[in-house]
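Please read the following report alongside the sequence and the coordinates shown below.

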Amino acid sequence: MIDTTRFSLADFMKSEDKNIMELAKEFWEYKEDYMRRRHYQYRRVSITGSGPTMKIIDHYTGEIREMINLASNDYLNLTKHPRTIKAGIEAVKKYGTGAGSVPLLGGTLDIHVELEKKIAKFKGCEDALIYTSGYGSNLGTISAILHEKDVAILDMYVHASIIDGCRNTNVEFFRHNNMDSLEKVLKKVKDKYNTKLVIVDGVYSMDGDIAPLDQIVEIAHAYGAFVMVDEAHATGVIGKNGRGTPEHCNVEGKVDIVAGTLSKALGAVGGFIATNKELVNYLHFYSRAYMFSTAPTPQATASLIEALNVIEEEPELRQRLWDNIRYFRENLLKLGFNIGNQQTAIFPIIIGDDYKVKEMCRELHEAGIYVNPVFYPAVPRRLSRIRISLTAGHTKEHLDRTLDVLEHLGKKYGII
């Protein structure tokens with residue numbers, strides 16, 4: 001049996017002398033040791049769906065347990081909002097369970113067009129197109145517009161889907177949220193490439209901090225580069241009206257490409273690109289992830305239209321989320337936890353020791369608190385962490401219970 005204290009996930013990503021079946025067998029043994037130590041906190045099966053609490057089938061006991069859910073991106077709890085549910089049911093009755101074809105050929109429904117127009121208006125852009133996943137929207141868009149004579153200039157913390165989209169182009173990285181580093185890279189590439197595209201996350205998924213998009217736009221445009229922002233964790237969460245990072249940074253209409261997922265605060269599934277009408281038209285024909293994937297389901301599409309309506313018409317949901325964010329941050333800092341430059345609904349509790357992260361997550365699970373462990377290679381070993389996400393539906397009792405357990409474990413493991 002492979003000892004998980006001596007290996008990491010990175011050790012099984014590739015092998016010089018083993019075929020894939022041999023590697024998969026070794027990784028199975030690695031998982032078995034994870035299970036034996038009760039460190040395996042992945043694919044916990046819910047029988048109630050997303051919510052501030054949920055019932056899961058415990059990996060180890062087989063029992064059904066209700067847990068405080070701090071591992072969800074359902075920031076406004078729209079997956080179970082009565083309006084989004086009703087809209088989805090009505091769409092299934094009218095259109096059926098699927099679109100029946102790819103969008104460019106026979107799969108575009110009137111509600112797909114309605115959603116695209118609504119997203120474009122919400123994001124302050126001319127037009128938009130929707131994908132079946134957020135990963136697909138980034139991969140499909142970037143791979144369609146950047147080639148061997150172009151360059152992507154990436155914040156070093158951008159999402160994996162962005163990095164994967166850049167495999168057929170040139171890539172330069174700049175230090176996270178560091179404008180001097182960005183400008184240095186832009187000077188370096190200024191006269192070398194046809195298209196220069198700076199790509200950042202609006203809100204970073206592992207750190208919960210916000211890109212200084214106003215500065216990024218100003219610097220990038222000064223060097224003839226375009227800007228793309230991934231709004232996955234920003235849409236519905238930041239900005240006066242929940243419209244995301246461009247609104248938060250007062251640069252609506254100035255960002256060249258606004259991307260995002262429809263699966264987080266919007267509560268369904270899919271992805272989008274919002275930009276000018278000419279580029280949207282280009283992507284209709286050259287984005288392979290768009291062209292060769294069946295169009296989004298009617299239920300998800302209708303629920304998303306209604307989710308955008310809810311965000312605009314029920315700002316109290318976002319207010320409750322921010323009340324929770326402020327309360328939780330204040331108390332974590334009082335206890336002495338390191339949460340980095342956290343600014344949004346994502347809380348990185350930085351531990352810096354992979355084994356302590358595993359043990360603390362095991363004890364949190366046993367205490368009925370569902371969190372995500374994050375360690376190498378997802379983050380550097382010195383920045384291994386417990387990742388917590390809050391939603392509007394969490395009560396003060398949920399947060400206080402979590403803070404009590406974290407305080408106990410923080411002291412037990414010498415973190416605070």
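At 49% relative accessibility, K412 counts as partly exposed, a class that falls between buried (under 20% relative accessible area) and exposed (over 50%), as computed with a 1.4 Å probe on protein chains only. The side chain of K412 meets that of E363 in a salt bridge with an N to O distance of 2.6 Å, where a salt bridge is defined as a side-chain nitrogen of Lys or Arg within 4 Å of a carboxyl oxygen of Asp or Glu. Because K412 lies in helix α15 (residues 396–412) and E363 in helix α14 (residues 354–366), the pair ties together parts that are 49 residues apart in sequence. Helices here are DSSP runs of H or I with at least four residues, strands are runs of E with at least two, and both are numbered from the N terminus.

The model is predicted, so local features need pLDDT of at least 70 and side-chain atom pairs count only at pLDDT 80 or more, whereas totals for chains, interfaces and linings use all residues. Residues are numbered from 1 along each chain as its sequence is written, and side-chain values use heavy atoms, with hydrogens and water left out.

Helix α15 also holds both E407 and K411, which are four residues apart, about one turn of the helix, and whose side chains meet in a salt bridge of 3.1 Å, N to O. E407 counts as partly exposed at 26% relative accessibility, while K411 is exposed, with a relative accessible area of 52%. Salt bridges that share partners also join E359, R362, E363, E366 and K412 into one network.

A further pair is formed by E172 and K188, whose side chains meet in a salt bridge at 3.3 Å, N to O. Since E172 lies in strand β6 (residues 170–174) and K188 in helix α7 (residues 179–189), this pair ties together parts that are 16 residues apart in sequence. E172 counts as buried at 18% relative accessibility, and K188 counts as partly exposed at 45%. A search of the whole structure finds 26 salt bridges, and the table gives the pairs described above.

| Salt bridge | Distance (N to O) |
|---|---|
| K412 and E363 | 2.6 Å |
| E407 and K411 | 3.1 Å |
| E172 and K188 | 3.3 Å |

How is the chain divided into domains? The assignment gives domain 1 (79–313) and domain 2 (315–413), with bounds that come from an automatic or database domain assignment. Their centres, taken over C-alpha atoms, are separated by 28 Å, and the contact between them (heavy atoms within 4.5 Å) takes 22 residues from domain 1 and 16 residues from domain 2. E314 lies in the loop between α12 (298–313) and α13 (316–335); at 17% relative accessibility, E314 counts as buried. Leaving aside its neighbours within four places in sequence, E314 is in contact with H81 and R83.

A UniProt record, from an unreviewed entry, places the feature "domain: Aminotransferase class I/classII large" at residues 66–405; such positions are given in the numbering used here, feature names are shortened, and annotations may be inferred rather than shown by experiment. Over residues 66–405 the chain is 44% helix and 16% strand, and the end C-alpha atoms are 16 Å apart.

The largest nonpolar core has 91 residues, and V198 and I388 are those with the most contacts inside it; a core of this kind is a set of buried Ala, Val, Leu, Ile, Met, Phe, Trp, Tyr and Cys residues joined through side-chain atoms within 4.5 Å. Because domain 1 (79–313) and domain 2 (315–413) both give residues to this core, it lies between them. Apart from this core lies another, of 21 residues, among them L146, C166, I273 and L279. With neighbours within four places in sequence left aside, the contacts of I388 include L70, F328, I349 and L406.

For the cysteines, a disulfide is defined as a pair of cysteine sulfur atoms within 2.5 Å, and by this rule the count comes to zero. The sulfur of C125 is 15 Å from the closest cysteine sulfur, in C249, which is too far for a bond. Both residues are buried, C125 with a relative accessible area of 16% and C249 with one of 11%.
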